Amino acid sequence: MSKRRNWFCGSEEHRISRRGFLGTAAATAGSMSALNLLREPCLAAELKKQDKRVILLWLAGGASQLETWDPKPGRSTGGPFAAIPTSVPGIHISELMPKMARRMEDTAIIRSLNTKDGSHGGGARMMHLGRRDEAAVKYPDLGAVLARELGSADSRVPDNVSFYTATEGRGSAVGQAGFLGARYLPMSLTTNSKPDNLARLDSISDLDHQQRHELRELLSNRFIEYRDSSSLRSHNEAYSRVRGLMSSDKLFDVSEEPQSIRDLYGPSLFAEQCLIARRLVEAGTPFVKVSRAWWDSHGQNFETHLELVSELDHVMSTLLDDLKQRGLLENTMVITLSEFGRTPKINASLGRDHFASAWSCSLSGCGINGGTVYGATDEDGQTVKDGEVDAGDLFATIYQALGIDPHTEYHVGSRPIPLVHEKASVVTDVLA
């Protein structure tokens with residue numbers, strides 16, 4: 001794919017030359033506290049009209065591609081599970097996913113990820129940011145970017161929500177708004193499925209709460225009137241949304257759903273949080289991450305995946321059905337992603353170890369050409385033999401599917417920063 005610069009609105013004042021950037025980069029790098037994030041509203045406003053949403057199913061610990069999207073039956077690396085045909089002729093997936101096999105027409109599989117980082121911490125950050133942080137630049141993660149691009153300043157629902165109620169791996173997959181600022185950090189739910197302290201205290205009347213809000217806003221606006229600080233503005237914007245967000249607490253209450261819908265999803269915590277994710281995107285939340293741990297199967301890989309993949313198959317297929325029946329799947333992308341895959345080689349503990357050289361993810365719904373497979377691994381799954389994709393390529397593809405040009409640029413000080421690294425290319429084969 002050809003690379004091109006795409007400047008906001010095409011206006012001349014935003015054309016900052018590479019030479020100009022290089023002349024100011026050193027000063028910018030040494031002064032992250034003075035970040036001046038310049039964005040034009042025209043593109044973001046147009047995107048928001050399109051009402052795009054994303055649900056990320058984060059398979060924490062590293063799900064095995066061989067027991068999900070890229071089985072190798074009959075090979076020494078294949079393990080005990082068979083491959084089964086899907087509703088799309090020619091595509092086979094693990095027999096642990098019979099429900100997804102019947103619904104493959106909405107899903108694209110990428111089997112050729114090579115992300116080169118087999119550590120939990122580094123891999124998780126890579127697959128949240130699409131690249132590595134620099135010493136002087138902290139990048140926003142996928143949720144923060146989508147909250148920025150697809151959210152609304154006056155929305156009454158949260159625009160970036162993260163469920164991660166397990167303890168394993170949570171520290172590696174925390175939300176990071178980077179240079180976008182605290183306004184785009186996720187609402188992180190780590191102890192249960194409903195935010196604590198979101199409702200107004202009974203001891204405070206609504207009128208009293210409104211007046212306190214207005215007084216805080218008055219004092220805050222006076223404080224920042226003669227100060228130029230992106231951190232202060234971001235902080236103030238976050239507070240300005242509090243009263244709206246307080247009204248969204250019912251979205252997290254699955255008892256508001258008919259019992260028949262709750263029964264379809266099932267009783268597990270992962271299922272409940274995916275149902276809440278559907279309620280949130282239906283109400284307008286642009287990004288929700290639901291994390292399911294713990295896939296780190298160095299031992300007893302096949303028992304672990306029998307349990308976890310079976311749950312994923314049921315919950316993911318139910319979620320896609322639910323979104324589709326409500327007319328939401330056309331504008332909602334569902335992603336399955338881990339920090340890496342698992343080794344084709346089966347170790348002495350009947351486990352699979354960390355493996356970032358040739359693994360898989362899936363994309364469903366919004367902007368995706370369902371019923372496709374992109375890339376291929378060799379017959380034992382050891383290497384990518386066709387269509388290698390890195391983290392930047394994957395993120396470029398996700399942005400493109402959502403109608404966001406991945407080569408548009410933010411500005412940090414005078415430095416232009418594209419949404420993805422400069423060599424990233426869109427995998428056009430999986431786009432509708």
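## Basis of the model

Local features in this predicted model need pLDDT of at least 70, and side-chain atom pairs count only at pLDDT 80 or more, whereas totals for chains, interfaces and linings use all residues. Residues are numbered from 1 along each chain as its sequence is written, and side-chain values use heavy atoms, with hydrogens and water left out.

## Salt bridges

Side chains of opposite charge can pair when their charged atoms come close. A search of the whole structure finds 22 salt bridges, each being a side-chain nitrogen of Lys or Arg within 4 Å of a carboxyl oxygen of Asp or Glu.

One of them joins D106 to K324, with the closest N and O atoms 2.9 Å apart. Because D106 lies in the loop between α3 (98-101) and β4 (107-113) while K324 belongs to helix α11 (residues 301-325), this pair ties together parts that are 218 residues apart in sequence. Helices (H or I, at least four residues) and strands (E, at least two) are DSSP runs, numbered from the N terminus. D106 has a relative accessible area of 17% and is buried, whereas K324, at 43%, is partly exposed; buried means under 20% relative accessible area, exposed over 50%, and partly exposed in between (1.4 Å probe, protein chains only).

## Other charged pairs

Another salt bridge is formed by the side chains of E311 and R292, at 2.6 Å from N to O. E311 sits in helix α11 and R292 in strand β7 (residues 287-293), so that the pair, 19 residues apart, links distant parts of the chain. Both E311 and R292 are buried.

D322 and R326 also form a salt bridge, their closest N and O atoms being 2.7 Å apart.

## A pair of helices

Helix α5 (residues 142-150) and helix α12 (residues 391-401) pack at an angle of about 25°, and their axes are 12 Å apart. The axes are lines fitted to C-alpha atoms, for helices over the stretch in contact, and angles run from 0 to 180 degrees between N-to-C directions. The two helices, α5 and α12, are therefore roughly parallel to each other, a term for angles under 35 degrees.

Key: Angles under 35 degrees count as roughly parallel, over 145 as roughly antiparallel, 65 to 115 as roughly perpendicular and the rest as oblique.
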